[in-house]
Number of protein chains: 2
Amino acid sequence: MRLSNYFLPVSKEAPSDAAIVSHQLMLRTGMIRQNGAGIYTWLPLGYRVLKKIEQIVREEMNRAGAVELLMPTLQQADLWRESGRYEAYGKEMLRIKDRHDREMLYGPTNEELITDVFRTYVKSYKQLPLNLYHQQWKFRDEVRPRFGVMRGREFLMKDAYSFDLTEEDARKAYRRMFCAYLNAFDRMGLTAIPMRADTGPIGGDLSHEFIILADTGESAVFCDRELLNMPAPGLDLDFESDLQAVVEQRTRYYAATEEMHDTKAFEALPAERQVSARGIEVGHIFYFGTKYSEPMNAVVQGPDGQMVPVQMGSYGIGVSRLVGGIIEASHDENGIVWPEAVAPFDVGLINMRPGDAACDAACEKLYAAMTAAGRDVLYDDTDDRAGAKFARMDLIGLPWQTTVGPRGVAEGKVEVKNRKSGEKHDVSIEDMLAQLKAS
Amino acid sequence: MRLSNYFLPVSKEAPSDAAIVSHQLMLRTGMIRQNGAGIYTWLPLGYRVLKKIEQIVREEMNRAGAVELLMPTLQQADLWRESGRYEAYGKEMLRIKDRHDREMLYGPTNEELITDVFRTYVKSYKQLPLNLYHQQWKFRDEVRPRFGVMRGREFLMKDAYSFDLTEEDARKAYRRMFCAYLNAFDRMGLTAIPMRADTGPIGGDLSHEFIILADTGESAVFCDRELLNMPAPGLDLDFESDLQAVVEQRTRYYAATEEMHDTKAFEALPAERQVSARGIEVGHIFYFGTKYSEPMNAVVQGPDGQMVPVQMGSYGIGVSRLVGGIIEASHDENGIVWPEAVAPFDVGLINMRPGDAACDAACEKLYAAMTAAGRDVLYDDTDDRAGAKFARMDLIGLPWQTTVGPRGVAEGKVEVKNRKSGEKHDVSIEDMLAQLKAS
């Protein structure tokens, strides 16, 4: 993408009304624009990050055997009356009446709707196990939306729903999601720690929040230091296997959110292993058995011919919230430092002197070669001052910068900078082209 | 995808409440499930088609220089008061009040919101031309939603908005979209004819609808037969060029929707060139100048230093509606016949005898090789009867079927069928594997 054709409204000043660094940086880099309390337009740069996260989530859900579909944003009130949540949900639910005065709502979550889909089509245990997921915009009418996309009202969530015949199978489905989450967050460059959590309005008796640590986190969390450096299960994990060992490798260490905190157990840990920190919730998984299937009559025939309510769990990832969460976890005084897998572009190509024939030619060659090699490139072909260009590239935080200036080009060289380490070195243009061609 | 792990609730009976063939087939093939009047869940098979169409639209918008972002579904009423459309839009607009009694609405279109984004950031003609687009769910509270996704209430639309300094530039932006639309629809296997159209509630003085012909079309359309076989401009079109000739090649022939129909001009055509048919609108483009920029004060500084309201156009494609439209245009008595580019899977691989070691081994090999070659494969590994398997594959309409049976496998052969032509022929498994490896 040529910057001269792009829409990247970067601003120098930190906005006065943004309380946390991710919100400030998302506004300054032109990633989002607020359209109302807790409602945002995802400007082109922000949208690219959102799509990359969505795609990682999709790949890891698919790998774990979940099947993607898409439920609508608006739902019928009657469905929520069946589960008893219509009245119970409170003011966070945005209630709507259509032109015929039918009661609807903007879905804050989808247990009822997916249970309705399930009971329409699935009648036998032979069609199980089943895990259906979608990534769709949701709305929760927060009293005080804040922290930008971290606590917005209209937000993008991945929610998966598992259906099994027995509790044992349902707990296995839960473990599959537990492991898939570890892999997904790891791919985004995050260390997300599963913590025992309260089940809240979703219900059930088994629940983990996936928490990343950040000073600006909304809640206090407590965990064993051993969990901080534990590698993810890895993409070659066999999701058909039992997975008990992978889960227990983590759950045997202490980790809990404030609501579930057990001071005594925590303080029994050696002092150097007691991590007491702030955390951001990026995922939340629940096993709740027949909480929805029973009142909604989602039953399947078992091998013995008996009809039984299906065992369910639900599994959320805050896709839009993750954009903010990743920035909270990865930035420095100059701006965002994107992990490679979620960066809006892989490389920033900076032309120091557009109009100079040699610089232009070198840039065009590199731009074409990088693009052909599958790299997403943002090519700064603007007339801005060199200092402004560098500052902007640092601010938006692409993992690599390639700078093309007249002196270097005369020697057949460009400068490559790693955004994270700040390390720079000269590279021969020829070598770079050859390498790109081979990749 | 193994069918045994997939969620494909195909049904034998034609649903009684579906009036047109695309709606019937989408229900029978388990592509959609209705959740309320004009509101649908996109089940896995339907969702795959929706995503393929969305991706084609994205690629053709990008090729024409448009930049993708994402606006929210909910908008503030005040923004629509600025343009004067809040009261004017009528009952099709779904009006919502949040917990603080603030007036909001579910966006039926986005001229106001994008104009607000534009005026926030763009102040100079140097930042033009600009074309911003998104693909987002919208809501229009139709009195009588019908025909499945063809006239739903919650629907997915691609809408692009162009911004230019002068009318001349704006008309050029219009031509770029005109050409990009022809290419996009062509890639979906559709002949979409641009027809002079009424501008309706969007406004403006220049507008074309893109219409595909189908007996079940909602409106009467009239055109010159010459337009039916005109090839699309092609993906190598230079969008920097003027494009006048490409557009005029079409607009010089008669083509109009009912509202704009000129009986006299139409009847002046030779009788054999008079096409009077039913049509489905799949896209609609508008040039409306300063209709929104003037009341909303979206002004830019020109080269002469004067501030002038920006010239705008908007460009819609009915992404979810297209799924139905393509089925209307491409089906037979056995089911859907997907054009290759939008098919939910490229190939249906049918194992005639799961459990038979030779059949299973051949299927696994072919499944792996096809997948490695980038084909989307639906592998029917179920225990259903052969007849049911064939009927289901025909019904869901994948372009190619590869059938693996014990007799063929003994001879090292499988049967390949083209869904559209119905032609079948035997292919050596070895040849197929070699071909896939080379592709």
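The model is predicted; local features need pLDDT of at least 70 and side-chain atom pairs count only at pLDDT 80 or more, whereas totals for chains, interfaces and linings use all residues. Residues are numbered from 1 along each chain as its sequence is written, and chains are lettered from A in the order in which they are written.

**Stop 1: chains A and B.** Select both chains. Here 40 residues of chain B are in contact with 40 residues of chain A; contact requires C-beta atoms, placed from the backbone, to lie within 7 Å. Among the elements of chain B that give two or more residues to this side are β1 (32–36), α2 (44–63) and β7 (130–139). Helices (H or I, at least four residues) and strands (E, at least two) are DSSP runs, numbered from the N terminus.

**Stop 2: helices α2 and α9 of chain B.** Select residues 319–329 of chain B, which form α9(B), together with α2(B); the two pack at an angle of about 115°, with axes 9 Å apart. α2(B) and α9(B) are therefore roughly perpendicular, a term for angles of 65 to 115 degrees. Residues to display in this contact include L50(B) and I53(B) of α2(B) and L322(B) and V323(B) of α9(B).

Methods:
Two residues are in contact if their C-beta atoms, placed from the backbone, lie within 7 Å. Axes are lines fitted to C-alpha atoms, for helices over the stretch in contact, and angles run from 0 to 180 degrees between N-to-C directions. Angles under 35 degrees count as roughly parallel, over 145 as roughly antiparallel, 65 to 115 as roughly perpendicular and the rest as oblique.
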